[in-house]
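Q: Could you take a close look at one part for me? I'd like to know how the charged side chains there pair up.

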Amino acid sequence: MPFDFPSPEWAAAYKDAINSNEAYKTAGKDWTHGVVAMIVKADPNLRIAEDTGLWLDVHQGACRGCTIVSSAEAQAAGFVIVADYARWKSVIKKELDPIKGMMQGKLKLTKGHMPTIVKYVHASRELVESTSRVPTIFRDE
């Protein structure tokens, strides 16, 4: 069953996909740097009335929680990455590597330490691999 992105159902399926990804367990085992929040910018044409955050609580190769939060709540995360819907869609479809996207300014790291993110490039790729395992309905298709 496909899930609407972003939605609480999609977030729950993403958590399950991360926790079933053996390569992520290895690549992310040293991550102890806190929550990563991914914010999708508001787009009324896509039924996203306000900036929407995806709260990704990853720690030592496991996802302890993945929920939809407000943009304000997302600011409590140690790392905050912001982009429009089209950019997040390209990340989920594995068309845009998130680290390269941040380096190119396509995704904006608005909070957190870029060298720390770069150190975990393999873990980041496995998180993207996990997104590709979630059957997703994109609102612009």
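**A salt-bridge network**

A: Lys 89, Lys 93, Asp 140 and Glu 141 are joined in a network of salt bridges (a salt bridge being a side-chain nitrogen of Lys or Arg within 4 Å of a carboxyl oxygen of Asp or Glu). Bear in mind that this is a predicted model, where local features need pLDDT of at least 70, side-chain atom pairs count only at pLDDT 80 or more, and totals for chains, interfaces and linings use all residues. Numbering starts from 1 along each chain as its sequence is written, and side-chain values use heavy atoms, with hydrogens and water left out.

Lys 89 sits in helix α4 and Asp 140 in the segment after β7 (136-138), so the pair ties together parts that are 51 residues apart in sequence. (Helices are DSSP runs of H or I, at least four residues, and strands are runs of E, at least two, numbered from the N terminus.) Lys 89 is buried, at 13% relative accessible area, while Asp 140 is partly exposed at 40%. Here buried means under 20% relative accessible area, exposed over 50%, and partly exposed in between (1.4 Å probe, protein chains only).

Now for other residues of the helix. Ser 90 is also in helix α4 and counts as buried at 14%. Leaving aside residues up to four places away in sequence, Ser 90 touches Glu 95 and Leu 96, where contact means heavy atoms within 4.5 Å. Arg 87 belongs to helix α4 (residues 85-92) as well, and is partly exposed at 33%.
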